[in-house]
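Thanks for coming. I will go through one structure this morning, starting with a ligand and ending with a single residue.

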Amino acid sequence: MSQMGGGQVMVMNVQSKREHGRKAQMGNIAAAKAVADTIRTTLGPRSMLKMIIDAMGGIVITNDGNAILREVDVSHPAAKSMIELSRAQDEEVGDGTTSVIVLTGEVLHCALPFMQKHMHPTVVIRGFTEALKAAVEECAAVSIGVDRADHAAMKQLLTSCVGTKFSDRFSSTVVELAMGAVETVATTKRDGGQEVDIKRYAKVEKIPGGEVEDCRVLKGVMINKDITHPRMRRKIKNPRILLLDCSLEYKKGESQANIEMSREEDWELLLRAEEEWIEKTCNAIIKHKPDLVITEKGVGDLTQHFFVKAGITCLRRLRKTDNNRVARSCGATIVHRVEEIKEADIGTKCGLYEVKKIGDEYFSFIVDCEAPKACTILLRGGSRDVLNEIERNLHDAMNVARNVYVDPRIVPGGGATEMAVSRALLNRAKTIDSVLQWPYKQIAVALEVVPRTLAQNCGANVIRVVTNLRAKHAEDSPQVKTWGINGETGKMIDMKELGIWEPLAVKVQTLKTAVEAACLLLRVDDIVSAQRQKSSQGRLAKPGEGGGPMDEHGIGGDV
Ligand SMILES: Nc1ncnc2c1ncn2[C@@H]1O[C@H](COP(=O)(O)OP(=O)(O)OP(=O)(O)O)[C@@H](O)[C@H]1O
Ligand SMILES: [Mg+2]
(Lines give C-alpha, C1' and ligand atoms only; values in the text may rest on other atoms or scores of the structure.)
(Ligands and ions follow the chains in the order given, each with its own letter.)
Protein backbone atom coordinates (compact mmCIF):
# COMPACT_ATOMS: atom_id res chain seq x y z
CA MET A 1 0.00 0.00 0.00
CA SER A 2 1.23 3.44 -0.60
CA GLN A 3 -0.01 6.86 0.05
CA MET A 4 -0.28 9.07 -3.00
CA GLY A 5 -1.92 12.42 -3.00
CA GLY A 6 -5.06 12.04 -1.03
CA GLY A 7 -6.40 8.60 -1.91
CA GLN A 8 -4.96 5.34 -0.78
CA VAL A 9 -3.70 3.00 -3.47
CA MET A 10 -3.99 -0.66 -2.79
CA VAL A 11 -1.04 -2.49 -4.23
CA MET A 12 -1.31 -5.81 -2.57
CA ASN A 13 -4.23 -7.97 -1.87
CA VAL A 14 -5.69 -6.75 1.41
CA GLN A 15 -6.11 -10.30 2.51
CA SER A 16 -2.41 -11.08 2.30
CA LYS A 17 -0.55 -11.14 5.57
CA ARG A 18 2.35 -8.80 5.83
CA GLU A 19 4.94 -7.89 8.40
CA HIS A 20 7.61 -5.22 8.08
CA GLY A 21 10.89 -4.04 9.36
CA ARG A 22 11.90 -4.76 12.87
CA LYS A 23 8.85 -6.78 13.68
CA ALA A 24 9.68 -9.17 10.85
CA GLN A 25 13.28 -9.46 11.98
CA MET A 26 12.34 -10.11 15.57
CA GLY A 27 9.78 -12.65 14.47
CA ASN A 28 12.37 -14.48 12.40
CA ILE A 29 14.88 -14.55 15.19
CA ALA A 30 12.32 -15.84 17.66
CA ALA A 31 11.18 -18.54 15.25
CA ALA A 32 14.74 -19.69 14.56
CA LYS A 33 15.44 -19.83 18.26
CA ALA A 34 12.31 -21.84 18.87
CA VAL A 35 13.53 -24.46 16.40
CA ALA A 36 16.99 -24.46 17.92
CA ASP A 37 15.57 -24.88 21.41
CA THR A 38 13.50 -27.87 20.39
CA ILE A 39 16.46 -29.91 19.30
CA ARG A 40 19.06 -28.54 21.66
CA THR A 41 18.69 -31.51 24.02
CA THR A 42 19.66 -33.94 21.28
CA LEU A 43 23.26 -32.73 20.99
CA GLY A 44 26.13 -34.77 22.31
CA PRO A 45 26.74 -38.18 23.87
CA ARG A 46 24.20 -37.74 26.67
CA SER A 47 21.51 -36.61 24.31
CA MET A 48 17.83 -37.34 24.53
CA LEU A 49 15.79 -38.99 21.83
CA LYS A 50 12.69 -37.45 20.34
CA MET A 51 9.61 -39.40 19.50
CA ILE A 52 7.76 -38.02 16.56
CA ILE A 53 4.51 -39.07 15.00
CA ASP A 54 4.91 -38.56 11.30
CA ALA A 55 2.31 -37.50 8.77
CA MET A 56 1.34 -41.10 8.09
CA GLY A 57 0.81 -41.85 11.78
CA GLY A 58 3.97 -43.93 12.15
CA ILE A 59 6.50 -43.11 14.83
CA VAL A 60 10.09 -42.05 14.45
CA ILE A 61 12.40 -42.30 17.45
CA THR A 62 15.70 -40.58 16.88
CA ASN A 63 18.18 -37.94 17.96
CA ASP A 64 19.44 -37.13 14.50
CA GLY A 65 18.77 -33.43 13.97
CA ASN A 66 17.82 -33.76 10.37
CA ALA A 67 15.57 -36.73 10.93
CA ILE A 68 13.67 -34.85 13.64
CA LEU A 69 13.20 -31.66 11.69
CA ARG A 70 12.25 -33.53 8.55
CA GLU A 71 9.17 -34.82 10.34
CA VAL A 72 7.93 -31.83 12.32
CA ASP A 73 5.31 -29.61 10.81
CA VAL A 74 6.20 -25.93 11.15
CA SER A 75 4.46 -22.93 9.75
CA HIS A 76 6.68 -19.91 10.28
CA PRO A 77 8.73 -19.24 7.13
CA ALA A 78 11.93 -18.66 9.10
CA ALA A 79 11.45 -21.95 10.93
CA LYS A 80 10.99 -23.62 7.56
CA SER A 81 14.23 -22.23 6.29
CA MET A 82 16.00 -23.53 9.40
CA ILE A 83 14.79 -26.97 8.54
CA GLU A 84 16.18 -26.61 5.06
CA LEU A 85 19.53 -25.90 6.67
CA SER A 86 19.77 -29.17 8.44
CA ARG A 87 18.79 -30.91 5.24
CA ALA A 88 21.55 -29.06 3.40
CA GLN A 89 24.04 -30.10 6.05
CA ASP A 90 22.87 -33.68 5.78
CA GLU A 91 23.27 -33.67 1.99
CA GLU A 92 26.64 -32.01 2.10
CA VAL A 93 28.48 -33.81 4.91
CA GLY A 94 25.91 -36.08 6.60
CA ASP A 95 26.79 -35.20 10.20
CA GLY A 96 26.51 -32.11 12.37
CA THR A 97 22.85 -31.51 11.57
CA THR A 98 22.02 -30.78 15.20
CA SER A 99 25.02 -28.53 15.72
CA VAL A 100 24.17 -26.41 12.71
CA ILE A 101 20.70 -25.62 13.97
CA VAL A 102 21.84 -24.91 17.52
CA LEU A 103 24.57 -22.63 16.19
CA THR A 104 22.30 -20.75 13.80
CA GLY A 105 19.84 -20.12 16.61
CA GLU A 106 22.63 -18.78 18.79
CA VAL A 107 24.11 -16.54 16.09
CA LEU A 108 20.70 -15.01 15.55
CA HIS A 109 20.25 -14.61 19.27
CA CYS A 110 23.56 -12.76 19.40
CA ALA A 111 22.38 -10.46 16.63
CA LEU A 112 19.34 -9.48 18.66
CA PRO A 113 20.96 -6.65 20.68
CA PHE A 114 22.14 -4.99 17.47
CA MET A 115 18.67 -5.11 16.02
CA GLN A 116 17.29 -3.62 19.21
CA LYS A 117 19.86 -0.82 19.03
CA HIS A 118 18.82 -0.13 15.44
CA MET A 119 22.15 -1.07 13.96
CA HIS A 120 21.66 -1.66 10.27
CA PRO A 121 21.53 -5.37 9.39
CA THR A 122 24.07 -4.91 6.58
CA VAL A 123 26.69 -3.79 9.07
CA VAL A 124 25.97 -6.75 11.31
CA ILE A 125 26.13 -9.06 8.35
CA ARG A 126 29.46 -7.62 7.23
CA GLY A 127 30.89 -8.22 10.67
CA PHE A 128 29.53 -11.77 10.72
CA THR A 129 30.94 -12.54 7.29
CA GLU A 130 34.40 -11.28 8.24
CA ALA A 131 34.26 -13.38 11.39
CA LEU A 132 33.21 -16.45 9.42
CA LYS A 133 36.19 -16.07 7.11
CA ALA A 134 38.52 -15.87 10.07
CA ALA A 135 36.79 -18.76 11.82
CA VAL A 136 37.26 -21.07 8.85
CA GLU A 137 40.96 -20.23 8.78
CA GLU A 138 41.24 -20.87 12.50
CA CYS A 139 39.53 -24.24 12.16
CA ALA A 140 42.09 -25.29 9.60
CA ALA A 141 44.78 -24.09 11.99
CA VAL A 142 43.68 -26.42 14.80
CA SER A 143 43.22 -29.39 12.49
CA ILE A 144 45.66 -32.26 12.30
CA GLY A 145 46.21 -34.79 9.55
CA VAL A 146 45.09 -38.39 9.86
CA ASP A 147 46.21 -41.40 7.90
CA ARG A 148 43.22 -43.07 6.33
CA ALA A 149 45.02 -46.38 6.10
CA ASP A 150 45.38 -46.31 9.88
CA HIS A 151 42.49 -48.50 10.97
CA ALA A 152 42.70 -47.75 14.66
CA ALA A 153 42.60 -43.99 14.13
CA MET A 154 39.70 -44.23 11.71
CA LYS A 155 37.86 -46.46 14.11
CA GLN A 156 38.25 -44.03 16.96
CA LEU A 157 37.01 -41.18 14.79
CA LEU A 158 33.90 -43.09 13.79
CA THR A 159 33.31 -44.25 17.34
CA SER A 160 33.20 -40.66 18.54
CA CYS A 161 30.64 -39.90 15.86
CA VAL A 162 28.44 -42.87 16.67
CA GLY A 163 28.96 -42.34 20.39
CA THR A 164 26.38 -39.56 20.39
CA LYS A 165 23.75 -41.87 19.02
CA PHE A 166 21.29 -44.45 20.15
CA SER A 167 23.30 -47.28 18.65
CA ASP A 168 26.06 -46.52 21.14
CA ARG A 169 25.64 -50.04 22.48
CA PHE A 170 26.42 -51.55 19.10
CA SER A 171 28.94 -48.87 18.20
CA SER A 172 31.67 -51.34 17.29
CA THR A 173 29.30 -53.10 14.87
CA VAL A 174 28.18 -49.85 13.28
CA VAL A 175 31.76 -48.60 12.99
CA GLU A 176 32.89 -51.84 11.36
CA LEU A 177 30.00 -51.63 8.91
CA ALA A 178 30.71 -48.02 8.02
CA MET A 179 34.40 -48.65 7.50
CA GLY A 180 33.78 -51.77 5.47
CA ALA A 181 31.30 -50.02 3.23
CA VAL A 182 33.41 -46.93 2.62
CA GLU A 183 36.53 -48.97 1.92
CA THR A 184 34.59 -51.04 -0.56
CA VAL A 185 33.14 -48.21 -2.60
CA ALA A 186 36.18 -45.90 -2.48
CA THR A 187 37.86 -45.47 -5.83
CA THR A 188 40.75 -43.31 -6.88
CA LYS A 189 39.86 -40.59 -9.33
CA ARG A 190 41.99 -39.73 -12.31
CA ASP A 191 43.41 -36.67 -10.58
CA GLY A 192 44.53 -38.80 -7.63
CA GLY A 193 41.72 -37.73 -5.27
CA GLN A 194 39.32 -40.17 -3.68
CA GLU A 195 35.78 -40.66 -4.83
CA VAL A 196 33.37 -42.22 -2.37
CA ASP A 197 29.81 -42.32 -3.63
CA ILE A 198 27.96 -43.98 -0.79
CA LYS A 199 24.56 -42.89 -1.98
CA ARG A 200 24.82 -44.74 -5.26
CA TYR A 201 26.94 -47.72 -4.45
CA ALA A 202 26.34 -48.65 -0.82
CA LYS A 203 22.79 -49.73 -0.19
CA VAL A 204 21.37 -50.52 3.20
CA GLU A 205 18.89 -53.41 3.31
CA LYS A 206 16.98 -53.89 6.52
CA ILE A 207 15.50 -57.26 7.37
CA PRO A 208 13.76 -57.34 10.74
CA GLY A 209 14.61 -60.34 12.89
CA GLY A 210 17.92 -61.86 13.88
CA GLU A 211 20.61 -60.26 15.99
CA VAL A 212 22.31 -56.93 15.61
CA GLU A 213 25.59 -58.86 15.52
CA ASP A 214 24.45 -60.50 12.27
CA CYS A 215 24.75 -57.18 10.44
CA ARG A 216 27.43 -57.22 7.82
CA VAL A 217 28.78 -55.64 4.68
CA LEU A 218 28.46 -58.07 1.81
CA LYS A 219 31.30 -58.46 -0.61
CA GLY A 220 28.83 -57.80 -3.36
CA VAL A 221 25.16 -57.04 -3.48
CA MET A 222 21.88 -58.50 -2.35
CA ILE A 223 18.58 -57.89 -4.05
CA ASN A 224 15.08 -58.56 -2.91
CA LYS A 225 14.24 -60.84 -5.87
CA ASP A 226 13.53 -64.47 -6.47
CA ILE A 227 14.19 -66.45 -9.64
CA THR A 228 11.39 -66.34 -12.18
CA HIS A 229 11.00 -70.06 -12.77
CA PRO A 230 11.20 -72.82 -10.14
CA ARG A 231 13.48 -75.02 -12.22
CA MET A 232 16.22 -72.48 -12.56
CA ARG A 233 19.40 -72.97 -10.52
CA ARG A 234 19.41 -71.38 -7.07
CA LYS A 235 23.10 -71.62 -6.39
CA ILE A 236 25.86 -71.03 -8.90
CA LYS A 237 29.59 -70.80 -8.24
CA ASN A 238 31.52 -68.26 -10.31
CA PRO A 239 28.54 -67.33 -12.49
CA ARG A 240 28.91 -65.50 -15.77
CA ILE A 241 26.51 -62.60 -15.32
CA LEU A 242 24.77 -60.74 -18.12
CA LEU A 243 22.96 -57.49 -17.31
CA LEU A 244 20.32 -56.07 -19.63
CA ASP A 245 18.01 -53.13 -19.54
CA CYS A 246 15.74 -54.30 -22.34
CA SER A 247 12.60 -56.35 -22.31
CA LEU A 248 12.70 -60.06 -23.07
CA GLU A 249 9.00 -60.22 -23.79
CA TYR A 250 7.43 -60.07 -27.20
CA LYS A 251 6.40 -56.49 -27.71
CA LYS A 252 2.90 -55.76 -28.87
CA GLY A 253 2.55 -52.95 -31.39
CA GLU A 254 3.02 -49.41 -30.14
CA SER A 255 -0.52 -48.36 -30.84
CA GLN A 256 -3.34 -50.73 -30.10
CA ALA A 257 -3.44 -52.55 -33.40
CA ASN A 258 -6.27 -54.90 -34.21
CA ILE A 259 -5.61 -57.72 -36.56
CA GLU A 260 -8.45 -59.36 -38.34
CA MET A 261 -7.86 -62.82 -39.65
CA SER A 262 -10.02 -64.86 -41.91
CA ARG A 263 -7.89 -67.97 -42.20
CA GLU A 264 -6.71 -70.29 -39.47
CA GLU A 265 -3.17 -70.45 -40.89
CA ASP A 266 -2.75 -66.74 -40.41
CA TRP A 267 -3.20 -67.15 -36.70
CA GLU A 268 -0.48 -69.78 -36.63
CA LEU A 269 1.71 -67.51 -38.67
CA LEU A 270 1.26 -64.78 -36.14
CA LEU A 271 2.14 -67.04 -33.23
CA ARG A 272 5.16 -68.33 -35.10
CA ALA A 273 6.38 -64.80 -35.72
CA GLU A 274 6.24 -64.20 -31.99
CA GLU A 275 8.01 -67.43 -31.21
CA GLU A 276 10.69 -66.76 -33.76
CA TRP A 277 11.40 -63.37 -32.30
CA ILE A 278 11.78 -64.79 -28.84
CA GLU A 279 13.93 -67.65 -30.04
CA LYS A 280 16.18 -65.26 -31.90
CA THR A 281 16.54 -63.05 -28.85
CA CYS A 282 17.24 -66.00 -26.58
CA ASN A 283 19.79 -67.45 -28.95
CA ALA A 284 21.63 -64.16 -29.08
CA ILE A 285 21.90 -64.38 -25.30
CA ILE A 286 22.56 -68.12 -24.96
CA LYS A 287 25.41 -67.83 -27.48
CA HIS A 288 27.44 -66.04 -24.80
CA LYS A 289 26.82 -68.79 -22.23
CA PRO A 290 25.77 -66.67 -19.27
CA ASP A 291 24.71 -68.45 -16.06
CA LEU A 292 22.68 -65.56 -14.76
CA VAL A 293 20.69 -63.06 -16.79
CA ILE A 294 19.30 -60.01 -15.04
CA THR A 295 17.08 -57.50 -16.77
CA GLU A 296 15.38 -54.31 -15.68
CA LYS A 297 12.29 -55.15 -17.72
CA GLY A 298 10.01 -58.14 -18.03
CA VAL A 299 10.76 -61.70 -19.06
CA GLY A 300 8.03 -63.68 -20.82
CA ASP A 301 7.04 -67.30 -20.20
CA LEU A 302 8.50 -68.60 -23.42
CA THR A 303 11.80 -66.82 -22.79
CA GLN A 304 11.96 -68.48 -19.38
CA HIS A 305 11.36 -71.82 -21.01
CA PHE A 306 14.32 -71.33 -23.34
CA PHE A 307 16.47 -70.17 -20.45
CA VAL A 308 15.62 -73.16 -18.31
CA LYS A 309 16.53 -75.44 -21.24
CA ALA A 310 19.90 -73.68 -21.54
CA GLY A 311 20.50 -73.83 -17.78
CA ILE A 312 20.30 -70.08 -17.32
CA THR A 313 18.96 -68.46 -14.17
CA CYS A 314 17.06 -65.27 -14.68
CA LEU A 315 15.89 -62.32 -12.58
CA ARG A 316 13.52 -59.71 -13.88
CA ARG A 317 12.31 -56.17 -13.16
CA LEU A 318 15.40 -55.08 -11.27
CA ARG A 319 15.65 -51.43 -10.34
CA LYS A 320 18.06 -49.35 -12.38
CA THR A 321 20.03 -48.38 -9.27
CA ASP A 322 20.32 -52.01 -8.16
CA ASN A 323 21.44 -53.01 -11.61
CA ASN A 324 24.19 -50.38 -11.49
CA ARG A 325 25.42 -51.82 -8.22
CA VAL A 326 25.42 -55.37 -9.59
CA ALA A 327 27.37 -54.12 -12.59
CA ARG A 328 30.00 -52.47 -10.39
CA SER A 329 30.43 -55.43 -8.12
CA CYS A 330 30.76 -58.17 -10.75
CA GLY A 331 32.46 -56.16 -13.47
CA ALA A 332 29.68 -56.38 -16.03
CA THR A 333 28.38 -53.71 -18.39
CA ILE A 334 24.66 -53.16 -18.79
CA VAL A 335 23.65 -53.95 -22.37
CA HIS A 336 20.71 -52.37 -24.10
CA ARG A 337 20.27 -54.57 -27.20
CA VAL A 338 20.82 -58.30 -27.17
CA GLU A 339 22.46 -58.15 -30.62
CA GLU A 340 25.21 -55.99 -29.19
CA ILE A 341 26.41 -58.27 -26.39
CA LYS A 342 30.18 -58.64 -26.35
CA GLU A 343 32.31 -60.99 -24.28
CA ALA A 344 33.64 -58.01 -22.33
CA ASP A 345 30.15 -57.12 -21.16
CA ILE A 346 29.78 -60.33 -19.19
CA GLY A 347 30.58 -60.04 -15.49
CA THR A 348 32.86 -62.79 -14.20
CA LYS A 349 34.17 -61.41 -10.93
CA CYS A 350 31.41 -62.80 -8.75
CA GLY A 351 32.24 -65.84 -6.62
CA LEU A 352 28.78 -67.04 -5.70
CA TYR A 353 25.19 -66.52 -6.70
CA GLU A 354 22.65 -67.82 -4.26
CA VAL A 355 18.96 -67.43 -3.49
CA LYS A 356 18.23 -67.56 0.22
CA LYS A 357 15.06 -67.34 2.22
CA ILE A 358 15.18 -64.97 5.16
CA GLY A 359 11.97 -64.65 7.12
CA ASP A 360 9.20 -64.92 4.58
CA GLU A 361 11.03 -63.48 1.65
CA TYR A 362 13.51 -64.64 -0.95
CA PHE A 363 16.68 -62.72 -1.55
CA SER A 364 19.29 -63.09 -4.27
CA PHE A 365 22.88 -62.77 -3.14
CA ILE A 366 25.59 -61.93 -5.63
CA VAL A 367 28.55 -62.18 -3.32
CA ASP A 368 32.22 -63.09 -2.88
CA CYS A 369 33.13 -60.69 -5.63
CA GLU A 370 36.77 -59.90 -6.14
CA ALA A 371 37.28 -56.17 -5.60
CA PRO A 372 33.60 -55.20 -5.54
CA LYS A 373 33.18 -51.48 -6.01
CA ALA A 374 29.64 -51.58 -4.68
CA CYS A 375 28.08 -53.28 -1.71
CA THR A 376 24.96 -54.02 0.23
CA ILE A 377 24.92 -53.51 3.97
CA LEU A 378 22.67 -56.06 5.55
CA LEU A 379 21.07 -54.88 8.77
CA ARG A 380 19.37 -57.28 11.16
CA GLY A 381 17.83 -56.48 14.48
CA GLY A 382 14.85 -56.65 16.76
CA SER A 383 12.28 -54.26 15.44
CA ARG A 384 11.76 -51.92 12.58
CA ASP A 385 12.26 -48.84 14.80
CA VAL A 386 15.62 -50.09 15.99
CA LEU A 387 16.66 -50.90 12.44
CA ASN A 388 15.63 -47.48 11.20
CA GLU A 389 17.63 -45.76 13.89
CA ILE A 390 20.66 -47.94 13.24
CA GLU A 391 20.38 -47.07 9.58
CA ARG A 392 20.38 -43.35 10.36
CA ASN A 393 23.40 -43.74 12.65
CA LEU A 394 25.18 -45.78 10.03
CA HIS A 395 24.48 -43.04 7.54
CA ASP A 396 26.22 -40.53 9.83
CA ALA A 397 29.16 -42.83 10.40
CA MET A 398 29.59 -43.58 6.70
CA ASN A 399 29.52 -39.90 5.90
CA VAL A 400 32.16 -39.16 8.48
CA ALA A 401 34.33 -41.90 7.03
CA ARG A 402 33.75 -40.55 3.55
CA ASN A 403 34.67 -37.01 4.56
CA VAL A 404 37.91 -38.22 6.05
CA TYR A 405 38.67 -40.24 2.94
CA VAL A 406 38.20 -37.19 0.78
CA ASP A 407 39.90 -34.72 3.13
CA PRO A 408 42.02 -36.43 5.80
CA ARG A 409 42.08 -33.61 8.34
CA ILE A 410 40.38 -33.73 11.73
CA VAL A 411 39.67 -31.29 14.54
CA PRO A 412 39.04 -31.91 18.24
CA GLY A 413 35.37 -32.32 19.25
CA GLY A 414 33.56 -31.71 22.49
CA GLY A 415 33.42 -27.98 21.88
CA ALA A 416 37.22 -27.64 21.89
CA THR A 417 37.42 -26.39 18.32
CA GLU A 418 34.63 -23.91 18.96
CA MET A 419 36.38 -22.58 22.05
CA ALA A 420 39.73 -22.30 20.28
CA VAL A 421 38.15 -20.50 17.33
CA SER A 422 36.19 -18.27 19.67
CA ARG A 423 39.36 -17.29 21.49
CA ALA A 424 41.19 -16.59 18.24
CA LEU A 425 38.34 -14.42 16.99
CA LEU A 426 38.38 -12.37 20.18
CA ASN A 427 42.09 -11.79 19.66
CA ARG A 428 41.62 -10.83 16.06
CA ALA A 429 38.73 -8.51 16.89
CA LYS A 430 41.19 -6.23 18.65
CA THR A 431 42.76 -5.39 15.31
CA ILE A 432 39.46 -4.22 13.83
CA ASP A 433 38.78 -0.65 14.74
CA SER A 434 35.48 0.01 13.02
CA VAL A 435 32.04 -0.70 14.35
CA LEU A 436 32.34 -4.11 12.69
CA GLN A 437 34.22 -5.43 15.66
CA TRP A 438 31.03 -5.75 17.72
CA PRO A 439 29.27 -8.23 15.47
CA TYR A 440 32.66 -9.89 14.93
CA LYS A 441 32.98 -10.48 18.65
CA GLN A 442 29.43 -11.75 18.87
CA ILE A 443 30.31 -14.67 16.59
CA ALA A 444 33.01 -15.59 19.10
CA VAL A 445 30.37 -15.48 21.83
CA ALA A 446 27.91 -17.51 19.77
CA LEU A 447 30.41 -20.32 19.23
CA GLU A 448 30.41 -21.04 22.95
CA VAL A 449 26.95 -22.48 22.60
CA VAL A 450 28.39 -25.86 21.60
CA PRO A 451 30.41 -26.55 24.78
CA ARG A 452 27.64 -24.96 26.81
CA THR A 453 24.98 -27.23 25.37
CA LEU A 454 27.18 -30.29 25.77
CA ALA A 455 27.67 -29.43 29.44
CA GLN A 456 23.99 -28.70 29.87
CA ASN A 457 22.92 -32.01 28.35
CA CYS A 458 24.89 -34.03 30.85
CA GLY A 459 23.71 -32.05 33.82
CA ALA A 460 26.94 -30.28 34.72
CA ASN A 461 27.27 -26.90 36.36
CA VAL A 462 27.21 -25.04 33.09
CA ILE A 463 28.43 -21.64 34.14
CA ARG A 464 31.36 -22.92 36.14
CA VAL A 465 32.56 -25.40 33.52
CA VAL A 466 32.28 -22.97 30.65
CA THR A 467 34.02 -20.21 32.59
CA ASN A 468 36.86 -22.58 33.47
CA LEU A 469 37.12 -23.64 29.87
CA ARG A 470 37.20 -20.04 28.73
CA ALA A 471 39.96 -19.33 31.21
CA LYS A 472 41.90 -22.36 29.98
CA HIS A 473 41.70 -21.21 26.39
CA ALA A 474 42.73 -17.70 27.41
CA GLU A 475 46.18 -19.13 28.13
CA ASP A 476 46.68 -18.84 24.38
CA SER A 477 49.17 -21.65 24.04
CA PRO A 478 48.91 -24.39 21.39
CA GLN A 479 48.47 -27.08 24.06
CA VAL A 480 45.19 -25.72 25.38
CA LYS A 481 43.49 -25.68 21.99
CA THR A 482 42.29 -29.23 22.36
CA TRP A 483 40.59 -28.71 25.70
CA GLY A 484 36.85 -29.20 25.67
CA ILE A 485 33.98 -30.70 27.60
CA ASN A 486 33.73 -34.38 28.36
CA GLY A 487 30.18 -34.98 27.25
CA GLU A 488 29.73 -37.94 29.60
CA THR A 489 30.78 -36.33 32.87
CA GLY A 490 30.54 -32.63 32.11
CA LYS A 491 34.14 -32.06 33.22
CA MET A 492 36.77 -30.14 31.35
CA ILE A 493 39.22 -32.43 29.59
CA ASP A 494 41.87 -32.57 26.88
CA MET A 495 40.32 -34.09 23.77
CA LYS A 496 43.62 -35.79 22.96
CA GLU A 497 43.06 -37.84 26.07
CA LEU A 498 39.39 -38.53 25.43
CA GLY A 499 39.93 -39.20 21.75
CA ILE A 500 36.94 -37.31 20.40
CA TRP A 501 37.70 -35.99 16.92
CA GLU A 502 35.59 -34.82 14.05
CA PRO A 503 36.35 -34.28 10.35
CA LEU A 504 37.37 -30.75 9.50
CA ALA A 505 34.95 -30.75 6.59
CA VAL A 506 32.00 -31.23 8.93
CA LYS A 507 33.07 -28.47 11.27
CA VAL A 508 33.75 -25.97 8.50
CA GLN A 509 30.48 -26.77 6.80
CA THR A 510 28.62 -26.34 10.10
CA LEU A 511 30.13 -22.90 10.63
CA LYS A 512 29.52 -21.76 7.11
CA THR A 513 25.95 -22.97 6.93
CA ALA A 514 25.07 -21.51 10.30
CA VAL A 515 26.51 -18.03 9.78
CA GLU A 516 25.37 -17.70 6.20
CA ALA A 517 21.86 -18.78 7.07
CA ALA A 518 21.73 -16.35 9.97
CA CYS A 519 22.85 -13.54 7.66
CA LEU A 520 20.18 -14.46 5.19
CA LEU A 521 17.46 -14.32 7.81
CA LEU A 522 18.73 -11.00 9.16
CA ARG A 523 18.53 -9.47 5.74
CA VAL A 524 14.78 -10.08 5.60
CA ASP A 525 12.76 -7.01 6.50
CA ASP A 526 9.43 -7.87 5.07
CA ILE A 527 7.37 -11.03 5.14
CA VAL A 528 4.52 -11.14 2.71
CA SER A 529 2.39 -14.18 2.53
CA ALA A 530 1.22 -14.98 -0.94
CA GLN A 531 -0.76 -17.93 0.28
CA ARG A 532 -4.47 -17.92 -0.05
CA GLN A 533 -6.29 -17.93 3.21
CA LYS A 534 -8.00 -21.25 3.68
CA SER A 535 -11.40 -20.55 5.17
CA SER A 536 -11.99 -22.46 8.36
CA GLN A 537 -8.90 -24.56 9.12
CA GLY A 538 -5.93 -22.74 10.53
CA ARG A 539 -3.45 -25.05 8.86
CA LEU A 540 -1.93 -22.52 6.49
CA ALA A 541 1.11 -20.43 7.18
CA LYS A 542 0.18 -17.26 8.93
CA PRO A 543 3.42 -15.57 9.80
CA GLY A 544 3.21 -13.32 12.76
CA GLU A 545 -0.27 -14.04 13.90
CA GLY A 546 -0.79 -13.78 17.61
CA GLY A 547 -0.90 -16.61 20.06
CA GLY A 548 1.58 -18.22 22.40
CA PRO A 549 5.22 -18.42 21.39
CA MET A 550 4.81 -21.97 20.18
CA ASP A 551 1.87 -21.11 17.98
CA GLU A 552 3.50 -18.07 16.62
CA HIS A 553 6.74 -19.73 15.75
CA GLY A 554 5.05 -22.73 14.60
CA ILE A 555 6.37 -25.85 16.23
CA GLY A 556 3.71 -28.31 16.97
CA GLY A 557 0.41 -27.95 15.25
CA ASP A 558 -0.74 -31.35 14.18
CA VAL A 559 2.48 -33.23 14.46
N1 LIG B 1 32.25 -38.09 24.32
C2 LIG B 1 32.06 -36.82 23.95
N3 LIG B 1 32.37 -35.83 24.78
C4 LIG B 1 32.18 -34.56 24.44
N5 LIG B 1 31.66 -34.17 23.29
C6 LIG B 1 31.33 -35.09 22.41
C7 LIG B 1 31.50 -36.47 22.68
N8 LIG B 1 31.08 -37.17 21.61
C9 LIG B 1 30.64 -36.25 20.72
N10 LIG B 1 30.80 -35.00 21.18
C11 LIG B 1 30.43 -33.75 20.52
O12 LIG B 1 29.03 -33.78 20.25
C13 LIG B 1 28.75 -33.06 19.09
C14 LIG B 1 27.96 -33.90 18.10
O15 LIG B 1 26.74 -34.26 18.65
P16 LIG B 1 25.65 -35.03 17.81
O17 LIG B 1 26.28 -36.13 17.02
O18 LIG B 1 24.57 -35.36 18.75
O19 LIG B 1 25.09 -33.93 16.86
P20 LIG B 1 25.47 -33.57 15.38
O21 LIG B 1 26.63 -34.35 14.92
O22 LIG B 1 25.57 -32.09 15.33
O23 LIG B 1 24.16 -33.91 14.58
P24 LIG B 1 23.66 -35.32 14.00
O25 LIG B 1 24.67 -36.35 14.40
O26 LIG B 1 22.35 -35.47 14.67
O27 LIG B 1 23.56 -35.11 12.56
C28 LIG B 1 30.05 -32.65 18.49
O29 LIG B 1 30.29 -31.29 18.77
C30 LIG B 1 31.05 -33.55 19.18
O31 LIG B 1 32.30 -32.94 19.29
MG1 LIG C 1 26.78 -36.55 14.98
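This is a predicted model: local features need pLDDT of at least 70, side-chain atom pairs count only at pLDDT 80 or more; totals for chains, interfaces and linings use all residues.

**The ligand shell**

Helix H4 contributes three residues to the shell around ligand 1, the most of any element. Residues are numbered from 1 along each chain as its sequence is written, and chains are lettered from A and ligands numbered from 1 in the order in which they are written.

Which residues come nearest to ligand 1? Of the 26 around it, they are Ser99, Thr164, Gly413, Gly414 and Gly487. A residue is near a molecule or strand if its C-beta atom, placed from the backbone, lies within 6 Å of it. Two or more shell residues come from each of helix H2 (65–71), helix H4 (97–116) and helix H15 (449–457).

By type, the shell has 15 polar residues, six nonpolar and five charged. For that count, Ala, Val, Leu, Ile, Met, Phe, Trp, Tyr, Cys and Pro are nonpolar, Asp, Glu, Lys and Arg are charged, and the others, Gly among them, are polar.

**Domains and the chain as a whole**

Domain 1 (18–144 + 418–552) and domain 2 (147–219 + 377–407) each supply at least three residues to that shell. The assignment also gives a domain 3 (221–252 + 277–371); the bounds come from an automatic or database domain assignment. Between the C-alpha centres of domain 1 and domain 3 there are 51 Å.

**A four-stranded sheet**

Next, an open, antiparallel sheet of four strands, in the order S11-S18-S17-S12. Two strands pair if DSSP finds at least two bridges between them. Why do strand S11 (221–223) and strand S12 (235–237) each have a side without a neighbour in the sheet? They stand at the edges, so each has a single partner strand. From one strand to the next the twist averages 25°.

S11 pairs with strand S18 (residues 361–367) over three bridges, with Ile223 opposite Ser364. Strand S17 (residues 352–358) is joined to S18 by seven bridges, and Glu354 has Phe365 as its bridge partner. S17 and S18 form a hairpin with two residues between them, and Gly359 in the turn has a positive phi of about 60°.

**One residue**

Last, Ala429, in helix H13 (residues 416–429). Is Ala429 buried or exposed? Ala429 counts as buried, because it has 22 C-beta neighbours inside 10 Å. Beyond its neighbours within four places in sequence, Ala429 is in contact with Gln437, Tyr440, Lys441 and Ala444; contact means C-beta atoms, placed from the backbone, within 7 Å.

Notes:
Axes are lines fitted to C-alpha atoms, for helices over the stretch in contact, and angles run from 0 to 180 degrees between N-to-C directions. A residue is buried if 20 or more other C-beta atoms lie within 10 Å of its own, exposed if 12 or fewer, and partly exposed in between; C-beta atoms are placed from the backbone. Two residues are in contact if their C-beta atoms, placed from the backbone, lie within 7 Å.
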